[in-house]
Amino acid sequence: MGKYILRRLLYLIPVVFGVSVLVFTVMHLFTSDPALTILGQHATDADAAALREELGFNLPLVQQYWNFLTGMLHGNFGTSLFTHTPVFTEVMSRFPATIELALFAIIFASVVGVTLGVISAVRRNTIFDYASMTISLMGVSMPIFWLGLIMIVVFSLKLGWFPVSGRIQMGYDPAHVTGLYILDSILTGNTAAFKSAVEHIILPGTALAMYSMAIIARMTRSTMLETLGQDYIRTARAKGIEERLVIVRHALRNAMIPIVTVIGLQMGGLLGGAVLTETVFSWPGVGSYTVESILKSDYPVVQGTVMMMSIIFVLVNLGVDLIYSVLDPRIKYS
Amino acid sequence: MTEEVKNESNEEIVPVEQGVSPWRDMWDRLKQNKAAMFGLAIVGLLVFFALFGKYLTPYDPLYGGSLKESLQGPSRAHWLGTDEQGRDMLSRIIAGAAISLRVGLSAVGIALSCGMLIGAVAGYYGGKIDMILMRLMDIMLAFPSLLLAIAFMSVLGRGIENAIIAISIVTIPQYARIVRGSVLSVKENEYVQAARAIGNPDWRIILYHVIPNILPPIIVRATLGISIAILDTSALGFLGLGVQPPTAEWGTMLGAGRAYFFNANHLVLFPGLAITFTVMAFNLLGDGLRDALDPRIRKG
């Protein structure tokens, strides 16, 4: 197992290197002159040349890539063209918001998705099955940004149950421990902050979770149907074990491997989906920051955030792979 | 349908089932699936709107409005209301069908062609070529696909062609992987070895003997891929990075309507429903095709 983890970590090196080459090449070959982006189209040639020299954009591409790569290894992912703040600092300050949203979404998607899938499989071809699968079909078909807007209209504007946007009410921020507001408010015993943080995360978290929830429900249903047809389930029933226990302990536990695989794959997808949800709900995370940077043509920020997000994505996928071995001892890593 | 056949010694008559082509077989199975047929009907309607939409739209979808008529709710004159520039929403949604189909089909067509080439070469030749191509695909899969599409749009610039290119590029690895896996499973089959033994060049073997035999999983993936391409295009449009106004792309309409949706919900509601039904149709069709082509769930 230790050797496998080490091998997988070593394998990440060429992947991250390749990602850095791809991101750098795309950003430098196809973008307009960053000096003109900052100074505007009416800048004089002398001013633009001076700025290029100051920012290092006049160096040969290979040299620029080398600076980018070595900087990255030291935690320097570039500096914003407009705010002059380091990308790493900006991303890390927003990162807890994105992680909190993604974690809420994956927990919601897993709990609701697995429940719907199990109900569908156990009550196959009944009204419960049709209802669950219709919800799942809608979940994979609805654009999450549209769902978010509809939720705002219904639950915030018409019913007034939840706030329209933001992460927490002004002045309610809990003391910083992890940066995850819900967790921090629990750790510090701040109930007002907890209530506000939960109220704010429900709509964006649910909107972000819908697609993953639907995929998890569909996978759970098909895997459970396969498992429920196995001989050991018949044996368990023949032994007179309570049906609830047969489903949970015998069927669901054996169906978990493909379900966990799908949940893991969804975790990465949520990072992409967060870009849309954060934009709709003005959630102060990495996704909305990336979109703002793209709209402002702040290329170092786009380059840095895409690079950091892909590293996180790769690490999440590795983590999911490792969880399998805990869940299924039959998997041997060699 | 059966016919009587005599064996070599003419001693007994054996009833055998007359051969049915696999495609006919698939279609027969697909026809039994009501959900898939519902999806196919919606896709048919979309194709009809895409082809004949310009004769069906009650008003000019691009420049047909006046500000005096802006942000009106649904009425007899404008069944789905008007947008912020007074244009008829129904006309714009009908016109949007052509854009969504064009983007969906083009993006999947490009990604599928490139993915098929990469996957077939990697799977057929194996060895170092396979290793290099698949590591390249791994690198592209190291990005959340929507984020990568957004990054491409930021450098390619906005517009429908660039949206198609961005979405195609980010989905190539998914097709390459499926094709490679399928090629690996069929390349050692006897008919491929026979084709090689009679001296066919590799490209001919791949094109005429390998690819036709791996089409089912690819067709299923491509059908579902169209729905993902339509969703991604609408997401790019919504963020202001995709198809640009005044083109009636549903995601772009949603993005533009967002500023007014507090007092004119229909600007957000109807384009969203159009996207949802279109994506749902391709999902139902894709699921139906998968079931029809999956030998494990064939009856009898």
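In what order do the elements of chain B run from the N terminus on? They run β-β-α-α-α-α-α-α-α-α-α-α-α. That makes 11 helices and 2 strands in chain B. The model is predicted.

**Chain B as a whole**

The overall form of chain B comes next. A compact globule of 300 residues would have a radius of gyration near 19 Å, but chain B has 24 Å. Further values for chain B are set out here.

| Property of chain B | Value |
|---|---|
| Box filled by the C-alpha atoms, along the principal axes | roughly 90 × 50 × 30 Å |
| Accessible surface | about 14600 Å² |
| Share of that surface from carbon and sulfur atoms | 61% |
| Buried residues among the 300 residues | 50% |

Contacts tell another part of the story. Take the contacts in chain B between residues at least 6 apart in sequence. Of these, 65% join residues at least 24 apart.

**The second largest pocket**

Rolling a probe the size of a water molecule over the atoms shows where empty space is left. The second largest pocket has a volume of about 640 Å³. It is lined by 28 residues. The closest to its centre are His28(A), Leu55(A), Phe57(A), Pro300(A) and Gln303(A).

Which helix gives the most to this lining? α4(A) does, with 5 residues. In chain A, α1 (2-30), α2 (34-39), α3 (45-55), α4 (61-73) and α13 (299-327) each supply at least two residues of the lining. By class, the lining has 13 nonpolar and 13 polar residues. Another 2 are charged.

Notes: Residues numbered from 1 in each chain as written. Chains lettered and ligands numbered in written order. Predicted model: local features only at pLDDT ≥ 70, side-chain atom pairs only at ≥ 80, totals over all residues. Heavy atoms only, no water. 1 Å grid on protein atoms, 1.4 Å probe; cavity = no way out; pocket = protein on both sides within 12 Å on 5 of 7 lines; lining within 4 Å. Points joined across faces, edges and corners; volume = space filled by probe spheres on them. Helix = DSSP H or I, 4+ residues; strand = E, 2+ residues; numbered from the N terminus. Nonpolar A, V, L, I, M, F, W, Y, C, P; charged D, E, K, R; others polar. Rg over C-alpha atoms; globule rule 2.2 N^0.38 Å. Buried < 20%, exposed > 50% of the residue type's maximum accessible area, 1.4 Å probe, protein only. Contact = heavy atoms within 4.5 Å. Areas by Shrake-Rupley, 256 points an atom, 1.4 Å probe, with all protein chains shown as cover.
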